[in-house]
Amino acid sequence: MRVLGLESSCDETGVAIYDSERGLLADALYSQIALHAEFGGVVPELASRDHVRKLLPLVRQVLDSANLRGSDIDAVAYTAGPGLAGALMVGACAGRAMAYAWGVPALAVHHMEGHLLAPMLEDTAPEFPFIALLVSGGHTQLVRVDGIGNYRLLGESLDDAAGEAFDKAAKMLGLPYPGGPQLAKAAAQGDVSRFTFPRPMVNRPGLDFSFSGLKTYTLNTVAECRVDGQLSDGDRNDIAAAFQEAVVDTLTIKCLRALKQEGLKRLVIAGGVSANTALRERLEGRLATIGAAVYYPRPAYCTDNGAMIAYAGCCRLLAGQSETLAVQVKPRWPMNELPGLER
Ligand code: KG4
Ligand code: ZN
């Protein structure tokens, strides 16, 4: 079965073709970073319009590169939520229409399920059950995963998502959008021992997160370090290192706690922040001490992409699921509303 996957939930247009026998056949991504950079964040209306411009050329591009025609596609999967309503509508309308025109099923994919399953695209895919740490620009969640569609939320952020906290802290440091990778780069040059930032909620039981206090702490530290309104490169790097260290430490503590609570030895990390090298290295080191393993996608599949949507759609197609003719997007969509797969 060959599934065309479309991702357009935020500021990346992703298109890919996944074959249930042969794996990923083609994959293309267009990032809108340059478009939104001058505004310091994603402008939803501009994002929607750019998806309109880029989506069909990317579909043609992946079909060409896989040497396929529309008639070779067995189903079309599109991100139906969560995300920006207008941006989601672009992929959903185009995807539903293509499926109708080609006479094949359409699949409405949950963006976070796409992230969660992205490690399955790698050679060393995790077996169920596992704990998933989903860390993106909009979500920070710990989920027990017993199978596709079999999700139990163990904890989540009570305020900002981890990626959002990275982006806001980066902005305070004067780093350009998107801040997460920029902050990580600055942190690599910094002295991690100069400042100690708080580890929010680690002393309380449970698996929830909170990053708003860390944001305020960052803001205050930046204010203290500024001389004549300017932050030196050294101060910027040291604050970035302390911020990243606090986030990585907090996430690691909660992941270990979740594994222990659920009696599991496999952890998946997915979503944009899972591209963070410091987080990967810390989790690998700490999990090794308890005989547990961490799984994550290659960096290109940590952030938004079409491959994860094509893959998640293919899993649901093989389980016999598909959409009606209605085009529906869900800007908010709890993952536990998804139907499980019969196994
Ligand atoms: O999954 P994603 O591409 O989009 C959403 O679904 O939100 O995640 C984007 C988020 C942004 O907040 C971005 O700053 C963050 O992931 N991010 C990173 C890194 N790469 C992306 N955060 C920290 N370190 C990174 N290397
Ligand atoms: Zn995402």
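User: Which residue does the side chain of R144 meet in a salt bridge, 2.8 Å from N to O?

Analyst: In this predicted model, local features need pLDDT of at least 70, side-chain atom pairs count only at pLDDT 80 or more, and totals for chains, interfaces and linings use all residues. Residues are numbered from 1 along each chain as its sequence is written, chains are lettered from A and ligands numbered from 1 in the order in which they are written, and side-chain values use heavy atoms, with hydrogens and water left out. A salt bridge here is a side-chain nitrogen of Lys or Arg within 4 Å of a carboxyl oxygen of Asp or Glu. At 2.8 Å from N to O, the partner of R144 is D146.

User: Is R144 buried or exposed?

Analyst: Buried means under 20% relative accessible area, exposed means over 50%, and partly exposed lies in between (1.4 Å probe, protein chains only). Because R144 has 15% relative accessibility, R144 counts as buried.

User: Which residues are linked with R144 and D146 in a network of salt bridges?

Analyst: The structure holds 19 salt bridges. In the network that includes R144 and D146, the other linked residues are R152 and E262.

User: How many residues apart in sequence are the parts that R199 and E245 tie together?

Analyst: R199 forms a salt bridge with E245, the closest N and O atoms being 4.0 Å apart. R199 lies in the loop between α6 (179-189) and α7 (212-225), whereas E245 lies in helix α8 (residues 233-262); helices are DSSP runs (H or I, at least four residues), numbered from the N terminus. The pair therefore ties together parts whose separation in residues is 46.

Methods: Helices (H or I, at least four residues) and strands (E, at least two) are DSSP runs, numbered from the N terminus.
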